[in-house]
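Trainee: I'm new to this one. Could you walk me through a few spots?

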Amino acid sequence: MIYEFDAVIVGGGGAGLYAALEASKSAKTAVVSKLYPMRSHTGAAQGGIGAALGNIDEDKPEWHAFDTVKGGDYLVDQNAAKILADEAVKAVYDLEHRGLPFSRTDKGLISQRRFGGHTSEFGKAAVRRACHAADRTGHMILQTLYQQCIKNDVEFYNEFQVVDVIMNGTTCTGVVAFELATGELHIFKAKAVMFATGGFGRMFRITSNAHAYTGDGPAILARAGVPMEDLEFFQFHPTGIRSMGILITEGVRGEGGILKNGKGERFMEEYAPTLLDLAPRDLISRAIVTEVLAGRGVRGDGKIDDYVWLDATHLGRETVEKKIPDIQDFCKTYLAIDPVENAMPVQPTAHYAMGGIPTDTDGRVVNTNEAYNGLYAAGECACVSVHGANRLGTNSLVDLIVYGRRAGSHIAEYVKSAPAPVVPDDAAEPARERIARIHENRGKGGGNPGEMYKRMQETMMKNVGVYRDEENMKVALSDMQSMRQEFSTVSGQDETADFNAEILSLLELENLLDLGVLTAASALNRQESRGAHSRRDYPERNDDDWLKHTMASMDENGNVTIDYKPVDVSIWEPKPRVY
Ligand SMILES: Cc1cc2nc3c(=O)[nH]c(=O)nc-3n(C[C@H](O)[C@H](O)[C@H](O)COP(=O)(O)OP(=O)(O)OC[C@H]3O[C@@H](n4cnc5c(N)ncnc54)[C@H](O)[C@@H]3O)c2cc1C
């Protein structure tokens with residue numbers, strides 16, 4: 001089938017739905033999503049959304065912007081961070097007015113709690129800035145936005161997986177999507193296309209990310225020649241459930257939870273004397289790994305997969321049941337413990353991609369020096385860049401609603417005068433050929449995709465994890481490049497056309513392999529430590545040589561070339577980070 005819309009939004013998470021809502025004010029808009037929108041990973045966001053409402057402590061957007069810049073180790077584009085903090089306030093009230101059931105203070109205001117790296121007066125003291133709906137904030141955002149999209153006649157194509165983008169020079173004119181129910185390839189023509197496909201943490205073994213987090217949008221655009229920005233900065237959240245990676249929200253520490261090593265010591269006193277357990281995530285993840293390798297983990301064997309305790313037992317039953325009920329539920333389900341009575345075993349878990357598809361502050365995709373026409377991105381798949389080298393907790397949800405909305409508004413204007421999309425008749429051919437090859441390889445004894453998936457996760461976890469060095473990253477890059485080659489030989493077992501989820505998971509693996517190559521190459525290239533990119537062989541931040549964004553491109557053979565883009569440091573001068 002060939003469909004035609006003014007605007008096609010790829011992805012029905014927080015960023016996609018907010019953009020669709022805005023775009024639909026003037027554009028005939030479709031959301032094309034591989035999942036039912038309510039199953040998007042935004043629904044898993046627990047802790048909160050940051051906005052300087054000042055409902056409990058005095059707060060200002062300017063302080064929020066500064067914390068974002070400092071938290072990102074000064075790789076943040078500062079005007080983008082300012083827009084983020086300024087517009088967060090309006091966006092949160094907008095969600096409230098659209099029906100989001102926020103938790104409340106005694107006075108009936110939106111409740112706010114502490115989160116890592118959020119301070120008042122440029123670092124003086126911790127501030128309560130995270131607005132939340134218990135520990136189900138993301139779930140409530142999705143519900144609110146989805147019902148508003150339905151009301152605005154946005155059309156939804158669910159379980160349609162986008163597998164290719166259609167470009168006419170530097171103008172985007174549509175996408176190609178695979179329909180799960182029938183196995184058919186469809187063309188969606190559009191004056192404007194926005195990617196809002198979320199993250200790609202599944203390339204790591206221990207991750208908090210959903211199975212669908214396979215980086216489809218960035219990989220599709222990377223193959224179309226768009227350079228990827230700052231992929232070396234991948235956040236490890238300090239508190240994933242031991243060996244499973246399932247997230248224990250920072251909100252637990254926001255409510256007063258404490259990290260303890262195997263000896264029962266509150267080790268964060270050593271690493272961040274002021275902010276303690278609510279220092280930024282990169283710092284705490286490194287502290288945990290350092291404790292574990294020094295033999296002060298719970299097992300004490302000095303092995304990297306040892307773990308520490310997150311203790312919330314002193315908070316009392318009422319706080320746990322009211323403020324972090326889902327966490328209590330997870331602990332009962334996955335660990336058979338109640339956090340009211342027992343500390344939780346935790347270790348760092350791959351959580352968030354700071355880098356991704358480069359955009360300007362209107363969500364338009366930009367390469368090193370120019371914007372593409374009719375091509376947009378927002379949310380975790382994009383890099384605007386407000387998270388720099390390390391994202392602060394609660395700032396992703398803000399990113400979705402501020403930049404998802406801005407991209408949607410820009411699309412609403414752009415489509416009014418944009419030309420009708422021109423799409424060649426054979427636009428679906430490249431995708432059809434990739435899928436045909438997977439079927440044709442059947443029975444020829446090529447690579448085993450299940451085993452390849454495991455190998456990818458192992459090498460990325462071991463070699464491009466919390467701590468990195470040249471030798472390890474070279475191993476990861478060469479592993480990923482050879483798996484990428486091997487991918488051309490893989491086949492599926494399932495020959496049927498309808499509900500062939502196997503084909504889709506193979507295409508997802510291909511996306512992860514491509515992004516894994518780009519991530520390892522970008523990390524190997526950056527010879528300094530900054531935010532989440534921490535190198536044993538280059539332990540210091542080096543602003544003289546490295547205060548710049550990476551722009552990495554890959555050719556058909558998996559060779560990566562790296563270019564750079566300046567960082568906007570027009571408001572605050574970069575300083576060493578002290579917490
Ligand atoms: C467990 C967990 C807890 C978190 N907690 C918080 C928090 O408290 N606060 C905070 O600020 N951040 C939090 N984050 C981060 C934040 O939730 C995510 O970064 C954010 O929700 C991503 O939103 P998104 O709209 O970019 O993508 P998503 O919500 O993941 O949506 C992606 C959409 O893209 C679609 N899609 C993907 N690929 C394709 C394709 N090929 N074709 C068609 N559709 C496609 C999917 O169907 C989906 O609808 C958390 C993350 C996790 C994993």
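Around Asp-311

Trainee: Which residues does Asp-311 touch, leaving out those up to four places away in sequence?

Mentor: First, this is a predicted model, where local features need pLDDT of at least 70, side-chain atom pairs count only at pLDDT 80 or more, and totals for chains, interfaces and linings use all residues. Residues are numbered from 1 along each chain as its sequence is written, and side-chain values use heavy atoms, with hydrogens and water left out. Touching, or contact, means heavy atoms within 4.5 Å. On that basis, Asp-311 touches Gly-257, Ile-258, Lys-260 and Ala-343.

Trainee: Is Asp-311 buried or exposed?

Mentor: Buried means under 20% relative accessible area, exposed over 50%, and partly exposed in between (1.4 Å probe, protein chains only). Asp-311 has a relative accessible area of 9%, so Asp-311 is buried.

Trainee: With which side chain does the side chain of Asp-311 make a polar contact at 2.6 Å?

Mentor: A polar contact is a pair of N or O atoms within 3.5 Å; within protein, one must be able to donate a hydrogen and the other to accept it, and residues adjacent in sequence count only if both atoms are side-chain atoms. The Asp-311 side chain has such a contact with the side chain of Lys-260, at 2.9 Å. The one at 2.6 Å is with the side chain of Thr-313.

Trainee: And Ile-304, is that exposed or buried?

Mentor: Setting aside neighbours within four places in sequence, Ile-304 is in contact with Val-289, Val-292 and Leu-293. Its relative accessibility is 58%, so Ile-304 counts as exposed.
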